[in-house]
Amino acid sequence: MNKPELVNSIAEKLDTTKKQAEELIGALFETIMDSLVKGEKVVITGFGTFEVHERARKTGRNPQTGEEIFIEGSKAPVFKSAKSFKDLVNKG
């Protein structure tokens with residue numbers, strides 16, 4: 001499912017316009033992203049948790065030359081699904 005299909009599905013389920021559904025989805029995604037940027041965890045009971053994991057700086061090798069290189073640390077957003085969500089997916 002892509003974003004337009006998600007918008008259509010939400011609009012049908014809420015019996016609202018596609019424009020309103022798109023605004024709702026946009027606000028939801030923006031709120032989640034803003035919270036993660038601030039370093040906050042977003043927990044949606046029964047669905048899952050969005051959080052930021054920090055990747056440490058490490059050394060690697062250039063595969064062409066074998067030269068040692070440094071790979072800078074970074075932050076990555078991650079999602080961990082709730083047990084009830086996992087169970088639902090595994091039944092399907």
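Trainee: What does the accessible surface of the protein come to, and what percentage of it belongs to carbon and sulfur atoms?
Mentor: The accessible surface is about 7,700 Å², with 54% of that belonging to carbon and sulfur atoms. Keep in mind that this is a predicted model.

Trainee: How many helices and strands does the protein have, and what pattern do they follow?
Mentor: There are 3 helices and 5 strands. Going along the sequence, you read α-α-β-β-β-β-β-α.

Trainee: What percentage of the residues count as buried?
Mentor: Of the 92 residues, 16% do. As for contacts between residues at least 6 apart in sequence, 28% join residues at least 24 apart.

Trainee: And the charges: how far apart are the mean positions of the positive and negative ones?
Mentor: They are 6 Å apart, taking 15 positive and 14 negative charges.

Trainee: On to α1. What makes its span agree with its number of residues?
Mentor: The helix has 12 residues, and at 1.5 Å a residue it should span 16 Å. The expected span uses one less than the number of residues. Its end C-alpha atoms are 16 Å apart, so the two agree.

Trainee: Which residue follows α1, and what is its phi?
Mentor: That's D15, with a positive phi near 50 degrees. D15 has that positive phi although it is not a glycine. You'll find D15 in the loop between α1 (3-14) and α2 (18-37).

Trainee: Why is D15 called exposed?
Mentor: Its relative accessibility is 73%. Exposed means over 50%, so D15 counts as exposed.

Trainee: Then why is S35 called buried?
Mentor: S35 has a relative accessible area of 14%, and the cut-off for buried is under 20%, so the label holds. S35 is found in helix α2. Leaving out residues up to four places away in sequence, S35 touches E40 and V42.

Trainee: Why does F47 count as partly exposed?
Mentor: Its relative accessibility is 33%. Buried needs under 20% and exposed needs over 50%, so F47 falls in between and counts as partly exposed. F47 is in the loop between β1 (42-44) and β2 (48-55).

Trainee: Which residues does F47 contact, apart from its neighbours within four places in sequence?
Mentor: F79, S81, A82 and F85. Take S81: F47 and S81 are 34 residues apart in sequence, with 5.9 Å between their C-alpha atoms.

Trainee: Where does A82 sit, and what does it touch?
Mentor: A82 is in the loop between β5 (74-81) and α3 (83-91). Not counting residues up to four places away in sequence, A82 touches G46, F47 and G48. A82 and R57, on the other hand, are 25 residues apart in sequence and 30 Å apart in space, C-alpha to C-alpha.

Technical notes
Residues are numbered from 1 along each chain as its sequence is written. This is a predicted model: local features need pLDDT of at least 70, side-chain atom pairs count only at pLDDT 80 or more; totals for chains, interfaces and linings use all residues. Side-chain values use heavy atoms; hydrogens and water are left out. Helices (H or I, at least four residues) and strands (E, at least two) are DSSP runs, numbered from the N terminus. Buried means under 20% relative accessible area, exposed over 50%, partly exposed in between (1.4 Å probe, protein chains only). Contact means heavy atoms within 4.5 Å. Accessible areas come from the Shrake-Rupley method with a 1.4 Å probe; for residues, only the protein chains shown count as cover. Lys and Arg count as positive and Asp and Glu as negative; His and the chain ends are not counted. The place of a charge is taken as NZ of Lys, CZ of Arg, CG of Asp or CD of Glu.
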